[in-house]
Each structure stands twice: as structure tokens, then as C-alpha cells.
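Here is a short report on one protein chain. Look over the sequence and the structure first, then read on.

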Amino acid sequence: MAASIFRNAGQILLPVKFAISRRLCLASQSPPQLHGFSNLDSLVSAVITAVTSCASISNCRSIHCKVMKSLSFSHGFIGDQLVSAYLRLGFTKDACNMFDELPDRDLVSWNSFISGFSRRGDLSNCLNAFSAMKLETGVEANEGTIVPLISACTETRALDIGTYIHGFILKFGMLLELRIANVLINMYGKSGYLDGASGLFEAIPIPNLVSWNSIIAVHVQTGKPEEGIGYFIRSRRAGIKPDQGTLITTLEACEELGSAKLAEAIHGFLFITGLDSNLTLATGLLSLYSKLGSLVASQKVFGHIRNPDSIAWTAMLASYGVHGKGKEAVKTFKLMVKEGVAPDHVTFTHLLNACSHAGLLKEGRAGLLSDAYKLIISMPMKPNSGVWGALMGACKKHNNIELGKEAFDNMLALEPLDSRNYLSLSNMYSSAGLRKEASEVRGLMKKRSVIRIPGSSCIEHEKRIHRFVSGDRSHPLEEEISKKLEELVKKVRGSGAWARTEFVLQDVDDEEVREDMINKHSEKLAIGREIIIRDTKRFHHFSNGSCSCRDYW
């Protein structure tokens with residue numbers, strides 16, 4: 001496959017290479033003045049196009065040689081373009097040698113050199129080039145120099161070096177440059193220093209859209225969604241017209257907060273401004289509703305999308321899957337194919353998850369585990385952790401420990417630090433009564449410093465989000481909640497149902513303590529009048545005495 005792609009790419013480039021070679025040959029055989037400026041200009045333009053689209057180091061070096069013979073590196077900044085091409089292709093030594101060959105290195109040359117390293121996340125060489133620029137040439141830095149330096153610090157989470165550059169910016173009075181202030185906000189925010197990011201933002205006389213987007217995003221992405229929403233509201237009051245990036249981040253904040261009312265407010269804003277026709281935003285909105293437990297709202301949003309693409313179809317299919325609607329997910333998949341939209345590996349992952357979660361035997365092969373395994377390894381694309389996770393869930397249900405371990409090994413190879421993978425295996429061992437093996441998995445987590453983030457559940461009541469974790473006693477109404485929960489547990493026991501304590505993953509021998517841990521799970525603490533509960537993977541709709549998951553927890 002890869003060889004075929006490269007062959008095709010070579011065939012596409014042949015006419016370009018031939019045209020450039022012919023022009024370079026003509027230029028070398030005849031005096032420049034015979035061709036006139038327009039001919040030289042078109043030649044330079046063709047060379048620049050070839051350099052910027054160059055996909056191999058051999059072609060890049062070939063063009064380099066021909067430029068040395070027939071043109072000047074200063075023509076159209078061809079030299080700078082070659083330096084960038086070498087860096088883009090990952091050949092640092094060639095880039096440095098090319099840069100040393102440049103006869104007149106000006107600020108544009110240095111900025112291009114530094115930017116090339118920044119795009120590769122090479123902070124060390126970024127700093128080396130910056131230091132050389134200051135020491136060897138005395139060229140003063142500008143916005144084009146500083147922005148890639150800060151971006152490299154952000155990419156590598158080098159806050160200490162970023163702080164040093166911030167000091168340089170202050171010393172030379174460059175903080176008033178809005179683009180520099182914006183990348184600094186992004187750097188401090190993504191490094192977890194929100195006070196620094198907020199302080200910089202508040203110091204900007206007139207923030208632009210990028211400024212607002214940055215301050216909203218860093219708060220949402222670092223676990224401060226309420227503050228992010230607060231900045232979004234302030235941006236609207238300041239008369240800023242949000243773009244797609246603003247609203248995607250705001251939808252993420254709604255998901256983190258678990259606020260359906262806030263999601264409806266954002267939906268209303270999209271409708272009023274006409275942005276509800278934006279395919280990316282509509283897809284994000286239907287996914288948000290699904291994650292907040294409102295499958296009906298997801299269906300309505302999808303129904304209003306005129307020409308859904310593969311991402312939108314997959315999002316709707318995934319919504320059915322996460323709500324235990326496996327049959328609807330299969331119908332959506334078939335309709336997607338009928339409409340001529342090609343599914344990808346993400347689509348297949350969600351389809352398998354939906355079938356596994358809903359206990360569909362024929363469609364998802366939940367009971368035919370060997371067939372499922374053969375299907376996965378024969379897929380045209382490489383299976384991701386979601387596919388292996390679906391197989392592992394089925395293995396747990398059907399007590400196939402051997403194949404479940406195989407699925408776990410594949411999941412671990414893809415995501416070695418994801419605690420959910422280890423917990424899935426430990427859960428499978430526990431359900432099979434293999435307490436020792438479950439304990440060994442938890443020991444492996446500890447040995448590899450894999451941190452388990454406690455799950456939480458939330459409920460929206462009177463415009464407030466109430467969030468709980470297992471055994472939580474911090475809520476102001478904790479006594480009333482616990483009392484009501486005890487009443488419900490007694491009624492459940494009175495009906496003959498008992499907690500399945502074999503699913504408790506912690507090493508606890510006391511049966512009463514294990515049962516108490518289940519009874520005070522976060523989902524039970526957060527339970528509302530509508531019996532729609534979400535665990536770590538999907539929603540459970542309780543009605544008429546049964547659950548949508550068909551006991552496929």
C-alpha cells in the first residue's frame with residue numbers, strides 16, 4: 001500500500017520535475033538577460049512550488065544542487081524555503097548546512113529557521129538558533145521570532161524556559177503585541193498555570209477573538225469548565241462574534257459540567273445565529289446531547305443535518321450504542337452505507353461496541369468469540385483500543401478469560417497508561433472469582449505508576465450541578481441523601497435482589513464493607529427521579545422493570 005502511494009506520488013511529481021529541469025537547463029545555457037525578468041520570475045515560482053511540495057529528501061537535495069548552479073538563494077527566499085523543507089522532512093543536519101550556506105541571512109531567514117524547529121517540537125534547536133541570532137548577528141527579534149519559541153515551549157511543556165522568554169519579551173517591550181500575548185496565554189494555561197494565563201489576558205487592552213478563544217480553551221481543557229463558560233459569556237457581552245473554535249470548546253465545557261440546560265442555551269444561540277447548519281457544530285451538539293443522556297435531542301439534531309458526513313453518521317451511531325440501543329445502531333449503519341457514505345475504523349469500533357453492549361448475538365457476534373476475534377484481526381484497518389475493548393467486554397460476559405487476556409494485551413500495547421484497560425481486566429478476573437489474578441493486575445498498575453482517576457456522577461437540579469464520587473460525604477445534604485439511599489436499598493433487598501460483591505475491585509475481605517461500597521456508588525448517590533444512569537461506558541435506561549443494557553454492564 002505504502003509503496004504504491006509513493007510510486008503514484010513520484011508519477012505526479014514527474015511533470016513538475018521535468019519542467020523545472022528544463023527551465024533550469026535553459027537558464028544555465030543562456031544569459032539571464034535574454035530571458036527577461038518575467039521568465040526568471042516564473043522559474044523562481046516553479047522552483048518554490050517544487051520545494052514546498054517536496055516529499056523526499058533526494059528530490060530536495062536535487063533541487064538544492066540545481067539552485068546552486070543556476071539561481072541565487074536570495075531569489076524569492078529560495079534558500080529559506082529549502083531550509084524549511086529539510087526540517088519538514090526531518091533532516092536537521094541538511095537544514096543546518098543549508099542555512100550556513102545562505103549568504104545574506106536576515107531576520108526572515110532566522111525566523112524561518114526557528115519556525116522549522118518549532119513545528120517539529122525541537123525546543124533545543126529553537127533555542128540554539130535564537131541564541132546564535134542574538135550573539136552572531138545582532139538582529140533584533142520580532143513577533144515572528146518569539147511566537148514559534150513560545151509555541152515550542154508549549155508543545156514540550158517547558159514552562160521554565162517559557163518564563164525566561166516571557167522575561168525577554170517584557171524587557172524589550174513586546175508584550176503589547178497581541179499575537180505574542182495570545183501564545184503566552186496558551187502556554188501558561190496548558191502548563192496548568194491558570195493564574196498566569198488569566199493575568200495576561202486581563203492585561204490585554206482590547207482582546208481579539210483569538211485571545212478569548214485561548215482563555216476559554218485553557219480553562220475548559222484544564223478542568224475548569226465553569227470558568228471557561230464565564231469567559232464565553234464575557235466575550236458575548238464584549239461584542240465578540242464567536243467562531244467554530246469558540247463554540248466547539250463551549251460544547252466541551254457543557255459536557256464537563258453535565259448541564260443539559262446550558263447545552264440547550266448554546267443550541268438556541270446556534271439556531272439564532274444560523275450556526276446550527278455548521279456540520280462540525282451540529283455533530284458536536286448531537287454528541288453532547290447523547291453524553292448528557294438525551295438521546296431524543298441527539299436524534300432531532302441529526303434529523304436536521306442536511307448532508308451528514310461520515311463523522312456525523314458515526315456520532316449518531318455511537319449515540320445509540322452508548323444508550324444501549326444496539327439494534328438502532330445497526331439500522332443506522334446500514335442506512336449510512338445505503339446513502340453511499342463510507343464507514344471507517346471509528347464507525348466499526350462504535351458498531352462493535354453497540355452490539356456488545358446491547359447483547360446482540362448475530363450482529364456483533366457477542367457469543368461467538370472466536371469468530372469475533374477472526375473478524376477483528378482480518379479488518380482492513382488496524383483495530384484500535386475501542387475494538388479490543390468491545391471484545392474484552394464480551395469475553396467478560398461469556399467468561400472467556402484466555403481470549404479476554406489476549407484483548408487486554410492488544411489494548412495495553414496501544415494505550416499502556418490508560419487505567420481503564422487494567423481495570424477492565426481486573427474486573428473480568430473478579431467476576432470469574434480469580435481474586436489473586438485481579439490483585440496482580442492492580443499491582444501491575446501500581447508498579448507502572450498508572451493512576452486511576454475516580455469516576456464521578458452528577459445530577460442537575462435547580463440550575464446547579466451536583467457531583468458525587470463513591471462514598472462521597474461532602475455534599476451539604478449528605479445526611480438526607482444517605483437516609484433516602486438506605487431506604488431504597490432496603491426496598492431493593494425486600495424484593496429479593498442483592499448486590500453482586502464479586503465486582504468490587506478493591507482487596508476487601510469483609511462482605512458487609514464490600515456491599516456498602518456498592519450501595520454507596522457515585523451513581524446511586526446522584527440518582528434522580530428519572531432512572532437514567534451512566535457508568536464509565538454507557539447510559540442505562542431503566543423502565544418496566546428492565547434495563548436497556550440487558551445486564552451487559
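Helices H16 and H17 are roughly antiparallel to each other, because an angle over 145 degrees counts as such and theirs is about 165°. This is a predicted model.

H17 covers residues 295-303, and its axis lies 7 Å from that of H16. The two helices cross in a left-handed way. Which residues meet here? From H16 come Ala282, Leu285, Leu286, Tyr289 and Ser290, and from H17 come Ala297, Ser298, Val301 and Phe302. Sorted by class, this contact between H16 and H17 has seven nonpolar residues, two polar ones and no charged ones.

H16 also packs with H15. H15 spans residues 260-273, and H16 spans residues 279-291. Their axes come within 11 Å and cross at roughly 160°. H15 and H16 are therefore roughly antiparallel to each other. Their crossing is left-handed. On the H15 side, the contact is made by Ala263, Glu264, His267 and Leu270. On the H16 side, Leu281, Leu285, Leu288 and Tyr289 take part. By class, the contact of H15 with H16 has six nonpolar residues, one polar and one charged.

| Helix pair | Axis distance | Crossing angle |
|---|---|---|
| H15 and H16 | within 11 Å | roughly 160° |
| H16 and H17 | 7 Å | about 165° |

H11 runs over residues 194-203. Its buried residues are Leu194, Gly196, Ala197, Ser198, Leu200 and Phe201. What do they pack against? Their partners are helices H9 (159-171), H10 (178-190), H12 (209-221) and H13 (225-237).

H23 takes in residues 385-397. How far apart are its end C-alpha atoms? They are 18 Å apart. At 1.5 Å a residue, the 13 residues of H23 should span 18 Å, so the two values agree. The buried residues of H23 are Ser385, Val387, Trp388, Gly389, Ala390, Leu391, Met392, Ala394 and Cys395. Just after this helix comes Asn399, with a positive phi of about 60°.

Asn421 lies in H25, which covers residues 419-431. Is Asn421 buried or exposed? Its relative accessible area is 3%, so Asn421 is buried, the cut-off being under 20%. Leaving out residues up to four places away in sequence, Asn421 touches Met392, Phe408, Met411, Leu412 and Glu415. Met392 is one of the buried residues of H23.

His475 sits in the loop between strand E2 (464-469) and helix H27 (478-494). His475 is also buried, because its relative accessible area of 16% is under 20%. Beyond its neighbours within four places in sequence, His475 is in contact with His466, Phe468 and Ile481.

Asp100 belongs to H5, residues 92-101. Asp100 is exposed, because its relative accessible area of 54% is over 50%. Val83 is 17 residues away from Asp100 along the chain, and the C-alpha atoms of the two are separated by 9.9 Å.

**The whole chain**

How many helices and strands are there? The protein chain has 29 helices and five strands. Of its 553 residues, 42% are buried. Among contacts with a separation of 6 or more, 58% join residues 24 or more positions apart.

Definitions and conventions: Residues numbered from 1 in each chain as written. Predicted model: local features only at pLDDT ≥ 70, side-chain atom pairs only at ≥ 80, totals over all residues. Heavy atoms only, no water. Helix = DSSP H or I, 4+ residues; strand = E, 2+ residues; numbered from the N terminus. Buried < 20%, exposed > 50% of the residue type's maximum accessible area, 1.4 Å probe, protein only. Contact = heavy atoms within 4.5 Å. Expected span 1.5 Å × (residues − 1). Axes fitted to C-alpha atoms, helices over the stretch in contact; angles between N-to-C directions. Parallel < 35°, antiparallel > 145°, perpendicular 65-115°, else oblique. Left-handed = near helix turned anticlockwise from the far one by under 90°. Nonpolar A, V, L, I, M, F, W, Y, C, P; charged D, E, K, R; others polar.
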